[in-house]
Amino acid sequence: VARMPVMLTGGIRRKPVAHTAITDGIAMVGLATALAIRLDLPNAWARGEDIEITAPAVRWRSKPLASLAVQSVVKTQMLRLAEGRAPRRCVSPALALIQTHIRQSRRTRQYVAWVEKRPSQGASR
């Protein structure tokens with residue numbers, strides 16, 4: 001049994017699920033994916049609207065690639081929110097996947113260059 005506050009996150013898209021978690025003793029629920037799709041979700045729930053968030057449907061033959069595309073759409077929306085911009089109504093899964101791959105590749109190259117510039121940890125010992 002946890003003695004510290006516990007946060008539940010991952011796949012919470014309906015008010016009854018969030019409410020049950022809170023009333024069962026969970027300190028906080030994470031709604032990042034749901035908020036990336038519908039920014040005003042907590043306010044809508046507070047107004048009594050019965051809204052269930054659904055992830056964007058990507059019906060590609062390759063299920064792993066489709067799953068990555070959905071994650072990329074959510075990441076794209078979260079990035080827009082982090083930059084102070086509103087989420088887009090429609091995001092192309094293919095374009096989001098390509099953009100996410102390009103961003104990740106650039107960050108990986110930057111990290112590798114940073115690691116190579118660092119002095120060796122064992123050299124001073």
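**Contact between helix 4 and helix 5**

In this predicted model, L65, L68, A69, S72, V73, K75, T76 and L79 of helix 4 meet P93, A96, L97, T100 and R103 of helix 5; contact means heavy atoms within 4.5 Å. By class, this contact has eight nonpolar, three polar and two charged residues. Here Ala, Val, Leu, Ile, Met, Phe, Trp, Tyr, Cys and Pro count as nonpolar, Asp, Glu, Lys and Arg as charged, and the others, Gly among them, as polar. Helices are DSSP runs (H or I, at least four residues), numbered from the N terminus.

The two helices pack at an angle of about 75 degrees, and their axes lie 8 Å apart. Helix 4 and helix 5 are therefore roughly perpendicular to each other, a term for angles of 65 to 115 degrees.

**Aromatic pair**

Y111 and W114 both lie in helix 5, three residues apart, about one turn of the helix. Their rings form a tilted aromatic pair, with 5.9 Å from centre to centre and 35 degrees between the planes. Rings pair if their centres lie within 6.5 Å; planes under 30 degrees apart count as stacked, over 60 as edge-to-face and the rest as tilted.

**Largest pocket**

The largest pocket is lined by 16 residues, of which G11, A32, T33, A34 and V74 lie nearest its centre. Helix 4 gives the most to this lining, with five residues. The lining divides into eight nonpolar, six polar and two charged residues.

**Basis of the values**

Residues are numbered from 1 along each chain as its sequence is written. Local features need pLDDT of at least 70, side-chain atom pairs count only at pLDDT 80 or more, totals for chains, interfaces and linings use all residues, and side-chain values use heavy atoms, without hydrogens and water.

Technical notes:
On a 1 Å grid over the protein atoms alone, a cavity is a set of points where a 1.4 Å probe fits but cannot get out, and a pocket is an open set with protein on both sides within 12 Å along at least five of seven lines; lining residues have an atom within 4 Å of a point. Axes are lines fitted to C-alpha atoms, for helices over the stretch in contact, and angles run from 0 to 180 degrees between N-to-C directions. Angles under 35 degrees count as roughly parallel, over 145 as roughly antiparallel, 65 to 115 as roughly perpendicular and the rest as oblique. Rings of Phe, Tyr and Trp (its six-membered ring) pair if their centres lie within 6.5 Å; planes under 30 degrees apart count as stacked, over 60 as edge-to-face and the rest as tilted.
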